[in-house]
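Morning, everyone. Let me put the next structure on the screen, and then we will walk through its fold.

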Amino acid sequence: MKIKCRTISRGVAEGEVLLTNDAISFLGNVEPETGEVVEPQHQLYGQSIAGKVLVFPHGKGSTVGSYVIYQLFKNGVAPAAMINLESEPIVAVGAIISEVPLVDRLEKDPYKILKNGDMVVVNSTEAFVELRNE
Ligand SMILES: C/C(=C\C(=O)O)CCOP(=O)(O)O
């Protein structure tokens, strides 16, 4: 199944879905050395976002979050791709400078059609997300 979306950061990546209903403040919520979510109140606490297709509603918090995404990239623990309901500038900038594909505004609600562990391709260059495991 292919789902159309809006391109924010171009690129193509495949990976396993890791989904959260919580917004993410990359500064403070995520450890840049490991990609682990370190905020105890966060739904993904204790899990690693490294190599995942990270689905979250939107970013929040400090503008330094863009640089944290870049640190994740430089440390080899960035998400493979990211899917938002509605991207905002902090995550958009972080994804663009880190060459992490980022999309938002999927034509179907990602929380209704995706679940943890699904294999998806995020083709941001051509503005679609493809669910592979069906
Ligand atoms: C650049 C900033 C702090 C630093 O150098 O560590 C300011 C960030 O401001 P926010 O209001 O957190 O975006």
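Four helices and eight strands make up this protein. Both kinds of element are DSSP runs, numbered from the N terminus: helices are H or I with at least four residues, strands are E with at least two. Keep in mind that this is a predicted model, where local features need pLDDT of at least 70, side-chain atom pairs count only at pLDDT 80 or more, and totals for chains, interfaces and linings use all residues. Residues are numbered from 1 along each chain as its sequence is written.

Now the order. Starting at the N terminus, we read β-β-β-α-β-α-β-α-β-α-β-β. The radius of gyration is 13 Å, close to the 14 Å from the globule rule for 134 residues, so the protein is as compact as a globular protein of that length. That radius is taken over C-alpha atoms, and the rule is 2.2 Å times the number of residues to the power 0.38. The C-alpha trace spans about 35 × 25 × 25 Å along its principal axes.

How much of the protein is buried? Buried residues are 40% of the 134. Buried here means 20 or more other C-beta atoms within 10 Å of the residue's own, with C-beta atoms placed from the backbone.

On to the sheet. It is open, has eight strands with mixed pairing, and its order is β1-β8-β7-β3-β4-β5-β6-β2. Two strands count as paired if DSSP finds at least two bridges between them. At the edges sit β1 (2–4) and β2 (6–9), each pairing on one side only. Neighbouring strands are turned by 30° against each other on average, direction ignored. For angles, axes are lines fitted to C-alpha atoms, for helices over the stretch in contact, and values run from 0 to 180 degrees between N-to-C directions.

Next, β8, residues 128–131. What does β8 pair with over three bridges? That is β1, in the antiparallel sense. Lys4 has Phe128 as its bridge partner, and Lys2 stands opposite Glu130.

β7, residues 119–123, also runs antiparallel to β8, joined by four bridges. Val120 partners Leu131 there.

Technical notes:
Buried ≥ 20, exposed ≤ 12 C-beta atoms within 10 Å, placed from the backbone.
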